[in-house]
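My entries follow the display.

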Amino acid sequence: MAGMEDLKAFVHAPSATMGTSLHDHLSTMVNHLLEKQPENPVDALADLSLDVKSALHYWKEAPPKYLLDMSQARNGTALFKPKEPEADRDGKLVEPVAKPDFYIPDIVAESQMLEWAGVGFSREEAFRVMLSIRRLALEHTELKSVRFFGKILGTRGNYFVAEGEARVMDPPINQDKKPWDPIRRDVEKMIHHNKFKYYVCKYPGAEWTLLPNVTYSQLVSAGQIRKYVTGDLSAKVETYPPFNGNEASYLRAQLARLCAATVLSPAGYFNLTEADEEEGTEAEIVVSPDFEEPETASLADPTAWQHHYPGLPEPDPVPEEPEEEPEEEEEPEEPEPPEPVALELRPVEEGEAGFAGRTCSAAAEPICPVVMRSAQWPGAYCVALGGAFTNIYIGSGHERGATAFVLPNPPAICPDAEEKGEAEDLREQLDLGKDEAEGEGEGDGEGEEEEED
């Protein structure tokens, strides 16, 4: 039989869930019965026990906070709020700056054309994208045009991508290096590509982040690997062959490859102007004032389109060495490196890159748009209706290859060095040289002594 001490320990033992003991619970119940004095105390005992437990119930730890992130809802709502007028120190309203000079396409109208092709976003999301693009253009006055590029799908997050064309090219860098220096050529070959600036965000209403400029080495490396983006711009790109940069640089390189291969315009819509050294103007691609709107049905033919984005540059040729050896006084002249990829309008050739066109509806052919789809880059579409057209990309940013992607083999192992005969010990040669030098010194000293005698 249990002793008195064991019984007391049992009665005063705290509960694992409530934290109170049986003695405290019964004492509280008795106090409540004596205070309230119900008519049927035995019948009210069960309900009273529950009331006491409810009154004594408490959280051992602080309850977790509400973990739902409301930033997306707040930022999305902020897009619809008009900009508040600014005032100076005296309380007078500041006059608004002149109307900004930039071009933004009507994304809502374009989304209606994309609906015919079965791609794009809902009308509400398209309107949010348009407001977000407009806010981006107002913040960056160095851009003369901004358009919505599309959406890149990632493993842990997606990217909404906006494309802006700068008014002027970036100033040249690495000019202190030689013309054939690889570091200098790595940047110079992409000057036309880097005139286009790309911004990404997580959702319409979030802050836009500018992607870094692309280099030629990054463009080549991006075409040799296949990696899905994660949604984190600072993530490392661990692949083979190695890629020099983080996910932001990798994404920028893939966008350059995408634009060169998939962005189209009707033939004749753009013109290429000539550079004028006297006026200091550079060659650029502008909308042709003489463009005649084609029939929509004729745009189903891929040859009715053209590329107007810079193409991918070719590797630099190896400079040829001069046949005759120059004299010592004359320094050999290095040939000038080739110019960067020139701006050009490249027509879409028949069967190129798997482009396929069709009308969106055979029943409403005169009034329905035409869609061009790229089989080489799944997710790239170009929709046109008369003279209006738009390009969009929604995908993972990968090119479809003829075969399954396979990692390339590592480079070949260097051959073994040629074996040569046993060479004399260098230390013995050095000791022999010292002995000869000392012998010559002693001979010179004896000759001088004989002359003195």
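The notes below go from sulfur pairs to helix H9 and then to the cores.

I am working with a predicted model, where local features need pLDDT of at least 70, side-chain atom pairs count only at pLDDT 80 or more, and totals for chains, interfaces and linings use all residues. Residues are numbered from 1 along each chain as its sequence is written, and side-chain values use heavy atoms, with hydrogens and water left out.

Cysteines. I searched the whole structure for disulfides (cysteine sulfur atoms within 2.5 Å) and found 0. I then looked up burial (buried is under 20% relative accessible area, exposed over 50%, partly exposed in between; 1.4 Å probe, protein chains only). Cysteine 201 is buried at 3%, and cysteine 382 is buried at 1%.

Helix H9. I took helices (H or I, at least four residues) and strands (E, at least two) as DSSP runs, numbered from the N terminus. I found 16 of its 16 residues buried.

Cores. I used sets of buried Ala, Val, Leu, Ile, Met, Phe, Trp, Tyr and Cys residues joined through side-chain atoms within 4.5 Å. The largest nonpolar core has 32 residues, and Tyr198 and Leu255 have the most contacts inside it. H9 gives the largest share of this core, 9 residues. Beyond its neighbours within four places in sequence, Leu255 is in contact (heavy atoms within 4.5 Å) with Phe149, Ile152, Val161, Tyr198 and Leu211. A second, separate core has 26 residues, including Met113 and Cys360.
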